[in-house]
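Hi,

Here is the structure I promised to pass on. Have a look at it first, and then read on for what turned up.

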Amino acid sequence: MEREEFYKALLPGLPDDIAFDCLARVPLRFHPGLRLVCCRWRDLVTAPSFHRHRERIGTAEDLIFLVQAVVPVEKGGGSEEEEEEEKEGGAVCQPPVYGLSAYNATLGSWHRVAMPAPVPLFAQVAAVGREVVLLGGWDPASMEPTTEVRVLDPATGGWRRGAAMAAARSFFACAALAGRVYVAGGHDEQKNALRSGESYDPTADAWTALPEMGEERDECQGVAAGGRFWAVSGYGTEGQGRFVGAAEWYDAAAGAWRREEGLWEAGAAACVGVAGGRMWSVGCGGGAGGVREYEGSGRGWKEVAPLPVGMRLGPSPCAAGEKVLVMAVETEGDGRNGRGAHGAWVLEVGSRRWTRTETPLGFTGFVFAATAVRL
């Protein structure tokens, strides 16, 4: 029966090439329904060729995946007994719950990705092709660092287990480049800063060890820019919290790390790779405030755009095509008074123009890591 179904027309009365083009114009939010119509439609809309065609005809959509603290729904309506217990026991400190959020930068919509298991706290995320790799972080039950790797195919909604990292590490640099996910630095279970790194090939489902960096880099930032994987700033075991200005980038051809001075300044906050292989930083303070572009060794940074009014404290950027999504704390008025909720802004790379993006209540939590896929 399935074989007979395969040879039926995609859409009755239309040649298959025209039907194919029609289906490729259907927005992504309807694809789960398309997959349920029949086996042929399921195989079609999940095939790489289908999404390449969407790219060719200009209907592909940019999805940004964020490892984000889930904002709890206000309780209200609890029993009198429960309310009395809360009053007597006082507030109970609970660790934050993380989820994987998805922002459609093309349509401006949000949704939460269905997960087979809870998202580890402080997990990293990177995209290779159309796959999203979720790795590391702290196990929500034990609060111990995990080597776990999960791989999502957004076209099918399916998850698979990936090969585990060779070493557990926390707060490490992570970025995807040339079909691989790179990780470096962070700290081990004894809080010792690390110089080690490794790279993951999702197709082969295998990790490869990298040579050690020149120095320890806990809480370093991972950036893919200029065809290089960068581990920006960080600090050593004996220099807790004292972030250094230097960065290292991995020279894959030579199999060695190269040091670059003066890449990070206090207030730079976050670096991100944008279209054209450039590295931008987004910061809220000091001489590193606003959006800036790194011009290379010895030339430093140049100003790109100021921050919009109302954005303040800890921006977390992610680039998707010609757009950069920034999650940050929103303040009222001129951004100097009071404390606001987290919100989202989108910066157009070409025009340098900011747009305030509506952020539903459930998606205003702190963002630890983010990555982008085009489908």
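How many of the residues of strand E2 (residues 98–104) are buried? The count is 7 of 7, so to speak a strand that is mostly covered. Before going further, bear in mind that this is a predicted model.

Staying with E2, its side chains split by direction: Tyr98, Leu100, Ala102 and Asn104 point one way, while Gly99, Ser101 and Tyr103 point the other way. Both sets are buried.

E2 also has strands paired with it. Strand E1 (residues 62–69) pairs with E2 in the antiparallel sense, over 7 bridges, and in that pairing valine 67 stands opposite leucine 100. Strand E3 (residues 109–112) is joined to E2 by 4 bridges, again antiparallel.

E4 and strand E5 (residues 131–135) run antiparallel and are joined by 5 bridges; alanine 126 stands opposite valine 133 in E5.

On the helical side, have a look at H2 (residues 16–24) and H5 (residues 48–56). Their axes are 9 Å apart and the packing angle is about 75°, so the two helices are roughly perpendicular to each other. From H2, the residues in the contact are Phe20, Asp21, Leu23 and Ala24; from H5 they are Ser49, Phe50, His53 and Arg54. By type, that contact of H2 with H5 has 4 nonpolar, 2 polar and 2 charged residues.

The chain averages a pLDDT of 88, and 87% of the residues score at least 70. Over residues 76–89, though, the pLDDT is below 50, and this stretch has 3 contacts in the model beyond near neighbours in sequence. Residues 333–339 also stay under 50; for them the model has 13 contacts beyond four places in sequence.

Cheers

Note on methods: Residues numbered from 1 in each chain as written. Predicted model: local features only at pLDDT ≥ 70, side-chain atom pairs only at ≥ 80, totals over all residues. Heavy atoms only, no water. Axes fitted to C-alpha atoms, helices over the stretch in contact; angles between N-to-C directions. Parallel < 35°, antiparallel > 145°, perpendicular 65-115°, else oblique. Contact = heavy atoms within 4.5 Å. Nonpolar A, V, L, I, M, F, W, Y, C, P; charged D, E, K, R; others polar. pLDDT = per-residue confidence, 0-100. Pairing = 2+ DSSP bridges. Buried < 20%, exposed > 50% of the residue type's maximum accessible area, 1.4 Å probe, protein only.
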